[in-house]
Amino acid sequence: MTKPLIGIGADIRDSGSGGREQAYGFTTYVDAVIRAGAIPLLIPPQSENIVELLASLDGVLLSGGRDCDPAIYGEECHASIKPMDIRRQANDLELARHSREQGVPTLGVCLGVQIMAIAAGGSLIQDIGSEIDTKIRHESEPEGRRHHPVRIESGTILASILEESDLIVNSSHHQAVRTAGEGLRVTARAPDGIVEAIEDANHPFYVGLQWHPEDMSAEDSAARIFDAFIAAARRRALGREMSPVSS
């Protein structure tokens, strides 16, 4: 069997060269997918092609990035918002919606878990620091990420993957899921109540994490998460290989 193919939603930035733009993704996501035994494929924003793309993919990784426009969940914009490119936003939302509908294994990381919630009709805490009374520093820079504990809910997919109820994770976000959306269950929280993970228990693998396992490569928990994700993608790949080809 060939290795499963994992689509990673790409971001957009100005290259600073003649007004041209670049579609890009961080190599930590790419490396994590390769380590788990799959083939990563960056997906530049093209929301109109998502349904056709998913027919060729075995899994989807929704990566971190800037903030969603709060208008899409019916709120006005907080002063702290740093909006992502609207093309990336449309692309990620379509990836989240259609991968869930089509049963494509999906892992959401940081912004990715927030996209999952919004795509299901949920909403976000726009700025943890101004809305939540907490001593936990959720926001930190990638080069010096802070850490804090999370509690994993028993009886969840995430608990079965990690085989533990308490975990120390890294933290680099100023927003978080407020309401998870239709059919999604909150599966982990920080001690201050901030949502740290959600999932769809009726999906082959639809798991979102607020922390960054791709940057915890030395941790057993990160390997377990990516291994479980890729195992689900491998099952999809095998099922597609065994499906009869219509003439």
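Is Ser123 buried or exposed? In this predicted model, Ser123 comes out at 11% relative accessibility, and since anything under 20% counts as buried, Ser123 is buried. You'll find Ser123 in strand β7, which covers residues 123-125. Its side chain has a polar partner: the side chain of Thr179 makes a polar contact with it at 2.8 Å. If you skip the neighbours within four places in sequence, Ser123 is in contact with Tyr73, Glu75, Val177, Arg178 and Thr179.

Now for the greasy parts. In soluble globular proteins, nonpolar side chains tend to be buried together. Here the largest nonpolar core has 34 residues, and Leu61 and Trp211 are the ones that touch the most other members. At least two residues each come from β1 (5-9), α1, β6 (106-109), β8 (146-152), α6 (157-162), β9 (166-171), β13 (206-209) and α7 (220-242). Helix α7 gives the largest share, 8 residues. Another core, of 27 residues, lies apart from this one, and Tyr73, Leu111, Val113 and Leu124 are among its members. So what does Leu61 touch, not counting residues up to four places away in sequence? Its list is Ile6, Gly7, Ile8, Gly9, Tyr29, Val33, Leu107, Val109, Phe226 and Phe229.

Last stop, the largest pocket. Its volume is about 830 Å³, and 30 residues line it, with Gly65, Arg66, Glu141, Pro142 and Ser172 lying nearest its centre. The elements that give two or more residues to this lining are β2 (11-14), α1 (27-35) and α4 (111-119). Sorted by class, the lining holds 11 charged, 11 polar and 8 nonpolar residues.

How values were computed
Residues are numbered from 1 along each chain as its sequence is written. This is a predicted model: local features need pLDDT of at least 70, side-chain atom pairs count only at pLDDT 80 or more; totals for chains, interfaces and linings use all residues. Side-chain values use heavy atoms; hydrogens and water are left out. On a 1 Å grid over the protein atoms alone, a cavity is a set of points where a 1.4 Å probe fits but cannot get out, and a pocket is an open set with protein on both sides within 12 Å along at least five of seven lines; lining residues have an atom within 4 Å of a point. Grid points are joined across faces, edges and corners, and a volume is the space filled by probe spheres set on the points. Helices (H or I, at least four residues) and strands (E, at least two) are DSSP runs, numbered from the N terminus. Ala, Val, Leu, Ile, Met, Phe, Trp, Tyr, Cys and Pro count as nonpolar, Asp, Glu, Lys and Arg as charged, and the others, Gly among them, as polar. Buried means under 20% relative accessible area, exposed over 50%, partly exposed in between (1.4 Å probe, protein chains only). A polar contact is a pair of N or O atoms within 3.5 Å; within protein, one must be able to donate a hydrogen and the other to accept it, and residues adjacent in sequence count only if both atoms are side-chain atoms. Contact means heavy atoms within 4.5 Å. A nonpolar core is a set of buried Ala, Val, Leu, Ile, Met, Phe, Trp, Tyr and Cys residues joined through side-chain atoms within 4.5 Å.
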